[in-house]
Amino acid sequence: MIELGKRQNLEIVKKVEFGVYLSDQGKEAAGGNDKEPQKVLLPAKEVPDDANIGDCLSVYIYRDSKDRLIATRRETSLEVGQLALLKVKEVGKIGAFLEWELEKDLLLPFKEQTATVKPGDECLVALYVDKSKRLCTTMKIYPYLETDSPYRKDDRVEGLVYEISGRFGAFVAVDNRYSGLIPAKEPMQGIQIGDRVQARVAGVLEDGKLTLSLREKAYIQSGRDAEKIMQMLKEGGGRLPFNDKADPELIRERTGMSKNEFKRAVGSLYKQHLIVIEPEGIRRV
């Protein structure tokens, strides 16, 4: 069977002026199938000079501008079910068109976009065959990500944010390949779809998916949080108009820290006699 969007080895079964026809007829015959084997054209410009009937060639199958199945010997960055980072060439009435190695750009339908894209943007997409038997891409890549990463707890990783959920958090494609999640409870001020983030592996779930954190381990992060509070005091004229008894949402909004993280950092600064905790705020000594 000749598969759209896949690289496969096919046999030359006919030579014509404008190229050669390829088929997997050897496989059909071996399976005892009496149906006429499916054929696909490899254009003359891509046929090796010494090619003969019976030779096998490694080709990629796609559709040309007239929607006909066509073969190419060129290397491509995507096969069906795989992911790649592609650039948006233009946006049309039905979606965006992405550049890749072949002449016919790949469609990214509006319904398959998790964020609005514009020409020049880079999108991490997966390739699939739509209901009309055409190659299409999707930014909804969760089902296509792998869960057998080599990473362990406390490893540092880099990934692309491809979806954000108020309930679950920020979904991240680690190395553009592995499934990761920054939980909603994590401070994620300013993070948007398409952002590249560096994170720490906070845990590896039983199914292999990675739980990520943008913050360091507690004892390291506490020192950094304390430095941040001192900087905020400096910029605020030596005073913050809230203390560690403030509402958790206010603390997160103003500092990017959870209430517990803020309390740890404030406690550390207090013990070092660097601040005074007042009823309505914090003052630098």
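I take a residue as buried when its relative accessible area is under 20%, as exposed when over 50%, and as partly exposed in between (1.4 Å probe, protein chains only).

**Entry 1. Ground rules.** I am working on a predicted model, in which local features need pLDDT of at least 70 and side-chain atom pairs count only at pLDDT 80 or more, while totals for chains, interfaces and linings use all residues. I number residues from 1 along each chain as its sequence is written, and side-chain values use heavy atoms, with hydrogens and water left out.

**Entry 2. Helix H4.** I took helices (H or I, at least four residues) and strands (E, at least two) as DSSP runs, numbered from the N terminus. H4 covers residues 259-271 and has 13 residues. I find 18 Å from its first C-alpha to its last, close to the expected 18 Å; the expected span is 1.5 Å times one less than the number of residues.

I listed the buried residues of H4 as Glu261, Phe262, Ala265, Val266 and Leu269. Seen down the axis of H4, they fall within an arc of 125°, so they line one face of the helix; the arc is that of the directions from the helix axis to the C-beta atoms. An α-helix has 3.6 residues a turn, so residues three or four places apart point the same way. On the face turned away from the buried side I noted the exposed residues Asn260 and Lys271. After H4 comes histidine 273, with a positive phi near 60°.

**Entry 3. Salt bridges.** I counted a salt bridge where a side-chain nitrogen of Lys or Arg lies within 4 Å of a carboxyl oxygen of Asp or Glu. The structure holds 15 of them.

Lysine 45 sits in the loop between strand S3 (39-43) and strand S4 (56-63), and glutamate 103 in the loop between strand S7 (95-98) and strand S8 (106-109), 58 residues apart. Lysine 45 is exposed at 69% relative accessibility, whereas glutamate 103 is partly exposed at 48%.

Glutamate 46 pairs with arginine 74 at 3.6 Å, N to O. This pair links the loop between S3 and S4 to the loop between strand S5 (69-72) and strand S6 (83-91), across 28 residues. Glutamate 46 counts as buried at 11%; arginine 74 is partly exposed at 29%.

Arginine 74 also forms a salt bridge with glutamate 103, the closest N and O atoms being 3.0 Å apart. Those two residues are 29 residues apart in the chain. I conclude that shared partners join Lys45, Glu46, Arg74 and Glu103 into one network.
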